[in-house]
Amino acid sequence: MDPKKAAKTVKETVEATAEKAVDMLTPEVPGAPGSAPAPFDEPTTPHDPLPPKKEHGAPDTRTPTGAETGAPATSNGQQGGYLTTAQGARLRDSDHSLKAGARGPTLLQDHHLREKITHFDHERIPERVVHARGAGAHGTFEGYGTASDVCKAAFLEKGRKTDTFVRFSTVLGSRGSADTVRDTRGFATKFYTEEGTFDLVANNMPVFFIQDGIKFPDIIHAGKPHPDREIPQAQSAHDTFWDFVSLHTEAQHHAIWNMSDRGIPRSYRMMEGFGVHTFRLVNAEGATALVKFHWKPKLGVHSITWEEAQMLGGIDPDFHRRDLYDAIEAGAHPEWELGIQVFPDTPEEMFEGIDLLDPTKIVPEELAPVQPIGKMTLHHNPSNFFAETEQVAFHVGHLPPGIDVTNDPLLQTRLFSYVDTQLTRLGGPNFGQIPINRPHAPVNDMNRDGFHQHAVHTGVAPYKPNSLDGGCPFFAGTDEGAFVDLPVTVPESTKQRENPATFDDHFSQVRLFWASMTPVEKEHIIRAYTFELGKCYEQAIKERQLQCLANIDPVLCQEVATGLGLPAPEPTELLAPVESSPALSQVGGEWPPDGRMVGIVVDPEGDLGGVRELRQAIFAAGMVPLLIAPHGGMVDEMPAQRTFATGRSVEVDVLLIGGCPPPAPDALPARDAEAGASGSVVLDPRVVLMVEECWRHAKVIGAWGEGVTALGQTGVDGTPGVVSGDSAAAVFTEVQQLMAAHRVWERFPASVG
Ligand code: HDE
C-alpha cells in the first residue's frame, strides 16, 4: 500500500451520488441523516469524509487560548479516507480480533482491539445533575446600540455581530427523557464576545422555586424521581415535588408557571427567555443600573396541549429537538430580541415595592417595559451532539466588562456551582479549552497543567509579579478594557442565616399571574394542578397544596378540589386585590408561522391536482409540508414523508386533507369501528383519528376536492377553524390566516371567567 496515495476527493464522491439525491429526497425535506443519499451497495473506493450537511455549524477553530487559526471547521473532524488507529496508522481490518488461530483465544498484544474497546468503555460522561436533556444551535447576535446609556459592553454596540451557541433544556429529566414533559426549560446562551465570553444562563420562566441557592439541592431532590423506585421520570406529578412546594411556599409562584401552558412549550423557538436575577450594568461613564434580561421570540410564545404533550412523549420523545433542527435546516431560522427592564440602582434595590434581589418576583412589563437591545438568530445545527451540546459549559460568572452580578442569594450560589459541576462532568479544570467553550478573545491566564491540558504554554513564570517572562502578562486598566468589580457599598452588617423581610410575601405575585390569564389559560392551569395532584398518593400533601391554592384564588382552589374529590379549604392569607399583567398571557395576538409543520393527507389513487403547488406554497410561506399517504415511497414524484401507520396528528400544526383515501391494507377498520373511532369504512380510520385529534387540540383543519368528502365523514365539518374549499390554494390562504392565532381558541371550553 502506498501511504501517500490520496483518497478519492470528496467532490468526486458527492457528484457520483448527487443525481440520485434529487430524485430521492427533495433537498427541502429536513431530517435526512447524511449530506448525500446512501447508495444501495457499500462504497469501497476510499475517499475523504463527506462534507458536512449545509445545516451544520461547528465551533470556531480557535486555539485553546482563543487565537483564530483560519482552519476550516472540518479540520476538527476526522481526516483522510482510511480507517486508522487513534495514532493514525492505517488499518486493514477492524472486524476480527487477533487470535491464536481462527478458533483460538484473543491475544493480549492486539493493540487495535484494546484501543477500540477501551475507548468505547469510557465513552460516557456523567450527565448534567440538572438540565441533562437538551438541544443546541449556533447563532449570531447583533447589537442595536440601544443599551449604550446603561452598558459599556462592546458586543451591544450598534451593528456589532457576535457568535453565539444556545442550549435549550428541560430541568428534571435524564439525558434520554422525553422533550414534551411538563417542566421549566433552560435557555442558556454563550456569547463569544471579543471582551471575553458572556453566558446568559436563563430559563423560560422569570421566577425560581427558591430564594436562596442553599435550597437548590432540596428542590431538585424533591423534583427528581423517588430515590427508591426511580420513578417518575422527568416530571413533577408526584408526592415528593408537591410535598416540598406546599411546605416551602416561596416555590408557589414558580409552580403556577409550571402548571400554566409555559410548562409545555410548542417549540424551543417559541419560548421567552428570562435571566431571572437582577444584574447590574455599568456604562462608559461609570454609572450603574439594575436590569432584568428578557429574550422575546419573533414567533411568539406558544404551547402544546397537555394531551399532545403526553402523546408526544411516546410518539416523538425528540419533538422539541427535531423541531429546532428541522426548522434550522429548512431555513426557518429562529430569532429572538434581547431586551432589558431597567431600574435605578438605589441602595434599597427595590422597584415599585418589588425587591429586585428576590428571584421569586417579577417586575410586570407594564411597570417597566422591556427595551430591545439586540437580536439573535440561530442558523446552524451542531455537527456533533457530544462535542458541542453535551460538552458546552455555561457559567453565570462569565461576564464581559459592563455586566456584573447583584447580591441575589440564588445568583450568589450559582456563581460557585457552575465551575464546580464541570470539574466532575467534564473531567478536570481545563473544560474551557474544549472547542465549543474556547473564548473568541485572547486568553492569557496563569492557570497551568491539569487533566486534558490542550494549551502549550510558553515561558517559565506563570506567576505575578515576575521578571523572567518580561513581567508578562500585565494588568489592564479600565481604559484597556479591564473587568472592574463594581465598587458597590455593602452596608455594615452582622453574619446571619436569614432572608430580608421583603422576601416574605409568597402569594401576591402568584395571584397576579393567575389574574393575568385568559379563561382558557386558567382552564389549563386548573387541569394541570388536578392532574399533578391526582398523581400523588398522600392525602395530606394534596390538602396542603389545596391550602396554598386557597391563598391564590378561590375558584382555582374549588375547581382543583372538585377534581380531587376533596373539600376546598378557606384561605389563611388576606386575598388583597391584585393588578393583572396582560404581557403574561399567551393568547390574543397574531404571529408568523415560520417553521410550522403542515400535514397533507393525500390519496395516491385519487385526484392529486394542486398538491405539488401546495407544497411549494407551504415552503414559500416558510413552513414545512409533511406529505401523509397510505404507503411509503413516492406519490406523483413527491416523497411520502409519513404513512398512515407512521404519522400522527401531534406532529403537525395544521392538517390539510386533499383526498378521501379508503382504508389501506394495514388499517383495521372493523376493529376501529367497533371501538367507536370511526363509524365509517369509506375513509381510512387513521385519517379519521388524525382529524379528530387535530380538532380536539384546536388545530386548524382544511380540505379541498375529495378531501371535503372525507371531512364530511368526521363530524367536524362546519365547526370553527375548519375550512373547506374548491382549491388547495384558496384553502391554504384561509388556513394561514387562522394559523396566526396559533390555535382555534374558541374550541376550548372555558368553565372559569
Ligand atoms: Fe442552574 N445549574 N442552578 N439555574 N442551570 C446547572 O450547571 C444551579 C438556576 C440553568 O445548558 C448546572 O453545567 C444552582 C436558575 C440552565 O448546560 C448546575 C442553582 C436558572 C442550566 C446548576 C441554579 C438556572 C443550568 C448543571 C441555584 C435560571 C443548563 C450542569 C442556586 C436563571 C445549562 C451545569 C446548560 C445548569 C446549578 C438555579 C438555569 C448544577 C446551584 C435560577 C439553563 O451547576
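This briefing walks through the ligand shell, the packing and a few local details of the structure above. The model is predicted, so to speak of local features a pLDDT of at least 70 is needed, side-chain atom pairs count only at pLDDT 80 or more, and totals for chains, interfaces and linings use all residues. Residues are numbered from 1 along each chain as its sequence is written, and side-chain values use heavy atoms, with hydrogens and water left out.

**Around the ligand**

- The ligand has 24 residues around it, and Arg 128, Arg 167, Arg 414, Tyr 418 and Gln 422 come nearest (a residue is near if one of its heavy atoms lies within 4 Å of the molecule).
- Tyr 418 has a polar side-chain atom 2.7 Å from a nitrogen atom of the ligand, and Arg 128 has one 2.8 Å from an oxygen atom of the ligand.
- For His 131, an N or O atom of the side chain is 3.5 Å from a ligand nitrogen atom.
- Strand 4 (185-193), strand 5 (196-203) and helix 9 (409-425) are the elements that each give two or more residues to this shell; helices (H or I, at least four residues) and strands (E, at least two) are DSSP runs, numbered from the N terminus.
- Helix 9 gives the most, with 7 residues.
- By class, the shell holds 11 nonpolar, 10 polar and 3 charged residues; Ala, Val, Leu, Ile, Met, Phe, Trp, Tyr, Cys and Pro count as nonpolar, Asp, Glu, Lys and Arg as charged, and the others, Gly among them, as polar.

**Cores and helix 12**

- In soluble globular proteins, nonpolar side chains tend to be buried together.
- The largest nonpolar core has 49 residues, of which Trp 242, Ile 256, Ile 525, Tyr 529, Ile 552, Leu 556 and Val 560 touch the most other members. Such a core is a set of buried Ala, Val, Leu, Ile, Met, Phe, Trp, Tyr and Cys residues joined through side-chain atoms within 4.5 Å.
- Elements giving two or more residues to this core include helix 3 (216-223), helix 10 (508-515) and helix 12.
- Apart from this core lies another, of 48 residues, including Leu 156 and Ile 434.
- In helix 12 (residues 539-550), the buried residues are Ile 541, Lys 542, Gln 545, Leu 546, Cys 548, Leu 549 and Ala 550; buried means under 20% relative accessible area, exposed over 50%, and partly exposed in between (1.4 Å probe, protein chains only).
- Those buried residues pack against helix 4 (239-247), helix 5 (252-259), helix 11 (519-534) and helix 13 (554-564).

- Thr 184 sits in the loop between strand 3 (161-170) and strand 4, and is buried with a relative accessible area of 2%.
- Its side chain makes polar contacts with the side chains of His 254 (2.8 Å) and Asn 258 (3.0 Å). A polar contact is a pair of N or O atoms within 3.5 Å; within protein, one must be able to donate a hydrogen and the other to accept it, and residues adjacent in sequence count only if both atoms are side-chain atoms.
- Asp 445, in the loop between helix 9 and helix 10, is partly exposed at 31% relative accessible area.
- The side chains of Asp 445 and Asn 447 are joined by a polar contact of 3.2 Å.

**Backbone details to look at**

- The peptide bond between Ile 231 and Pro 232 is cis, with omega about -5 degrees.
- Another cis peptide bond runs from Cys 472 to Pro 473, with omega near 0 degrees.
- Glu 230 is not a glycine, yet has a positive phi of about 50 degrees; Glu 230 is exposed, with a relative accessible area of 57%.

Key
Contact means heavy atoms within 4.5 Å.
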